Every structure is written in structure tokens, then in C-alpha cells.
Amino acid sequence: MPIIDLVALALAAAPAVADSPEAAVAAIYAPYSRPARETAAWDYPIFTRQTADLIAHWRRVTPQDEVDALSDGDWLCLCQDFDEGAFKATVLSRRDARGGTLVAVRLDLGGGTKREAQLVLKREGGAWKLDDLYAAPDFPNGLKQKLQETILEESIP
């Protein structure tokens, strides 16, 4: 599969419903190329129902005045800081996987900083939604696994 420039694809993608995994990835990362993002990644309406339920559970058990293993950085860019003028997400590959579509993405945060991630997308409610995210060192076993671990840690008195 050829490498696709997601910034160009994002301009053509409808923000609410993406008709392909590549368009969904473009929509997920489009806010990173705009100034003044005030919404945390976990508040985006991009997650499957199962993942959104895990996020809601995590939010209920996490102390509001403390930083935990999931709230100290941005899940999607795998960073704390990036240059919105230089940010670029590029699809490296796409393949069908058990339970969804696995999309490998390279993120250019600007200033020579790059990250790579594997996104598991599922078709749900007529749109492609993010079900899981794998990236070392942040989520080597997936975002959903990290959510479950953090919920357990926060739930133990």
C-alpha cells in the first residue's frame, strides 16, 4: 500500500463519518494541525463503544487533582508537546486483523521528533472508530489494557 499524506486526506474527509480507515485516521489527527486544541484526546468522540466505556470508567475512578499513568500526556500523538504547524500523520500500512483493521501510522511532531503507532479501527454505527492503540513505550499492550490496569490501580484503596 502506498504511503498516504493524511493532511491532504483530512481536508477531503467528512469530520463525522469517515468512509475508510485512512479517512478515519486523517480525521483523528486533523485537530493536531490546528492551533488552540483544548480538548483532551480521551474526550474526542472517536472511540468504539467498548473503549469509550473503559475511558468513562477510568474517569470515574481517577482523582481529579492528580496525574496518573494515563493523564500525563496525549494518547493519540504519544506526546506532551508538538508543533501544530509541522504536525503530520502518515499511514504506513493497513491490513485486516481479527476484530478490525490495523493501521500503522507515523507521526511527525515537528522538530525532527517522530512516533509510530498501530491503530485498531472498527466499523461501528456507520463510522470507523478507534478501538485500540499500540505504541511503545506508552501502550505496548494497547490502550485498552493500560486503561484496565490503571482502573485497577485507582480502584484499590
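Where is Pro-137 found? Select it and you land in the loop between β5 and α4. Keep in mind as you click around that this is a predicted model.

Pro-137 is exposed, with a relative accessible area of 72%.

Next stop, helix α4. Select residues 143–155, a run of 13 residues. From first C-alpha to last, α4 reaches 18 Å, close to the 18 Å expected at 1.5 Å a residue. Colour Leu-143, Lys-144, Leu-147, Thr-150 and Ile-151, the buried residues of α4. They sit on the same side of the helix because they cover an arc of only 125 degrees around its axis.

What do the buried residues of α4 pack against? Show α3 (49–61) and β5 (127–134), and there are the partners.

Now for the largest nonpolar core, which has 37 residues. Pick out Tyr-29, Trp-75, Leu-76 and Leu-119, the ones that touch the most other members. The elements giving two or more residues to this core are α2 (21–29), α3, β2 (88–97), β3 (100–110), β4 (113–124), β5 and α4.

Finish by zooming in on Tyr-29. Leaving aside neighbours within four places in sequence, Tyr-29 is in contact with Leu-76, Cys-77, Phe-87, Ala-89, Val-105, Leu-107, Leu-119 and Leu-133.

Note on methods
Residues are numbered from 1 along each chain as its sequence is written. This is a predicted model: local features need pLDDT of at least 70, side-chain atom pairs count only at pLDDT 80 or more; totals for chains, interfaces and linings use all residues. Side-chain values use heavy atoms; hydrogens and water are left out. Helices (H or I, at least four residues) and strands (E, at least two) are DSSP runs, numbered from the N terminus. The expected span of a helix is 1.5 Å times one less than its number of residues. Buried means under 20% relative accessible area, exposed over 50%, partly exposed in between (1.4 Å probe, protein chains only). The arc is that of the directions from the helix axis to the C-beta atoms. Contact means heavy atoms within 4.5 Å. A nonpolar core is a set of buried Ala, Val, Leu, Ile, Met, Phe, Trp, Tyr and Cys residues joined through side-chain atoms within 4.5 Å.
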